[in-house]
Amino acid sequence: MTDTTTTPLSSFVEDWTPQPVLEHDELDPAQATRLAATLDLTETFSAGSQLPTTWQWVYFSEWPRSSELGADGHPTDGHFLPPIPHRRRMFAGSSMVMTQPLRLGVPAQKRSSLESIAEKHGRSGDMLFVTVRSEYSQGGEVVLVEDHDLVYRSDAGSSRPFAREVDELGPTDAPWTAEPTPTAPLLFRYSALTSNAHRIHYDHPYVTEVEGYPDLVVHGPLLATYLAELARAHSGGRSLRTFDFRLRKPLFRGDRFRAEGRPDGDAVDLRIVSGTDTVHVSGRGELS
């Protein structure tokens, strides 16, 4: 048996060279309308509508058989999942550049490839940073490029107690604000829309007794979507042409938090905060 406490994680991926994957999707407008309803928006979408930034995550679904899922609900194997033992996965952030919006009802292609692998050492142990690049095309033209950053660690342990932040939400002078309140049904619906079966988002006994979190975990991509929607709501419906965000700390169902935006010309600094000034997500984007 390999001793993962002394073996560098990079050694497990020395010969790991997953080839690019090409996927196709018709971009059904009904799926975007379902996401709008989940976010409590009144919009409906039809063929030809522009897809808002970050909404591409509810398309190109990966739906493995249930027998191929691990105890945590995440797939045990996958094309871009690094072959390290006792693999645990965390979403770290993303950066995207859009030359023009994806159009609903128009056939689209998504080409995904391994962009980079890097091992880093921190106080919590060794981590493997994996970046997957996805290029979205319509009509033979690439219209959106996204780098998806994921962090993996080798951890055979189970419960990891995590204290809940209980500070009251402080004041702000940010000109753009919103205070979403994701409920358990909302988290469940977002999981379904994004084909995410990870139990930390909908299974309260699992997330508290096995993972050691105080409550259901709010999806990182959902928090990023709240930021993108904040920018769209305060800019006359303009979507983000570029968007780069990093996840700093998790949030849980019942936590009070605020999405903030500070416009800077055609750019905007964005963040999710709780308490007096605890940053959970930070980002910046440029409006189209």
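Student: Why are helices H2 and H4 called roughly perpendicular to each other?

Tutor: In this predicted model, the axes of H2 (residues 184-193) and H4 (residues 220-233) come within 10 Å and cross at roughly 100 degrees. Angles of 65 to 115 degrees count as roughly perpendicular, and therefore H2 and H4 are described in that way.

Student: What makes up the contact of H2 with H4?

Tutor: From H2 come Leu186, Leu187 and Tyr190, and they meet Pro221, Leu222, Thr225 and Tyr226 of H4. Sorted by class, the contact has six nonpolar residues, one polar residue and no charged residues.

Student: Which residues of helix H1 are buried, and against what do they pack?

Tutor: In H1, which covers residues 29-38, the buried residues are Pro29, Gln31, Ala32, Leu35, Ala36 and Thr38. The buried residues of H1 pack against H2.

Student: What is found at the start of H1, and what follows the helix?

Tutor: At the start of H1, a side-chain oxygen of aspartate 28 comes to within 3.0 Å of the backbone nitrogen of alanine 30. The residue aspartate 40, which follows H1, has a positive phi, near 65 degrees.

Student: Why does threonine 194 count as buried?

Tutor: Threonine 194 lies in the loop between H2 and helix H3 (204-209). Its relative accessibility is 19%, and buried means under 20%, so threonine 194 counts as buried.

Student: What does threonine 194 reach with its side chain, and which residues does it contact beyond its neighbours in sequence?

Tutor: The side chain of threonine 194 reaches the backbone oxygen of tyrosine 190 at 2.8 Å. Once neighbours within four places in sequence are left aside, threonine 194 is in contact with Trp57 and Val58.

Student: How do you know that glutamate 43 and arginine 232 meet in a salt bridge?

Tutor: The N to O distance between their side chains is 2.7 Å, and a salt bridge requires a side-chain nitrogen of Lys or Arg within 4 Å of a carboxyl oxygen of Asp or Glu, so the pair of glutamate 43 and arginine 232 meets the rule. This pair links distant parts of the chain, with glutamate 43 in the loop between H1 and strand S2 (87-98) and arginine 232 in helix H4, 189 residues apart.

Student: Why is arginine 232 called buried, and why is glutamate 43 called partly exposed?

Tutor: Arginine 232 has a relative accessible area of 12%, and buried means under 20%, so arginine 232 is buried. Glutamate 43 has a relative accessible area of 29%, which falls between the limits of 20% and 50%, so glutamate 43 is partly exposed.

Student: What makes the pair of aspartate 203 and arginine 199 a salt bridge, and are these residues buried or partly exposed?

Tutor: Their side chains meet at 3.0 Å, N to O, and the limit is 4 Å, so the pair counts as a salt bridge. Aspartate 203 is buried, with a relative accessible area of 18%, whereas arginine 199 is partly exposed, with a value of 27%.

Student: How close do arginine 246 and aspartate 244 come?

Tutor: Arginine 246 forms a salt bridge with aspartate 244, and their closest N and O atoms are 3.2 Å apart. Arginine 246 is partly exposed at 23% relative accessible area, and aspartate 244 counts as partly exposed at 37%.

Student: How many salt bridges are there by this rule, and which residues are linked in a network?

Tutor: The count comes to 18 salt bridges. Arg258, Glu260, Arg271 and Asp277 are linked in a network of salt bridges.

Terms used. Residues are numbered from 1 along each chain as its sequence is written. This is a predicted model: local features need pLDDT of at least 70, side-chain atom pairs count only at pLDDT 80 or more; totals for chains, interfaces and linings use all residues. Side-chain values use heavy atoms; hydrogens and water are left out. Axes are lines fitted to C-alpha atoms, for helices over the stretch in contact, and angles run from 0 to 180 degrees between N-to-C directions. Helices (H or I, at least four residues) and strands (E, at least two) are DSSP runs, numbered from the N terminus. Angles under 35 degrees count as roughly parallel, over 145 as roughly antiparallel, 65 to 115 as roughly perpendicular and the rest as oblique. Contact means heavy atoms within 4.5 Å. Ala, Val, Leu, Ile, Met, Phe, Trp, Tyr, Cys and Pro count as nonpolar, Asp, Glu, Lys and Arg as charged, and the others, Gly among them, as polar. Buried means under 20% relative accessible area, exposed over 50%, partly exposed in between (1.4 Å probe, protein chains only). A polar contact is a pair of N or O atoms within 3.5 Å; within protein, one must be able to donate a hydrogen and the other to accept it, and residues adjacent in sequence count only if both atoms are side-chain atoms.
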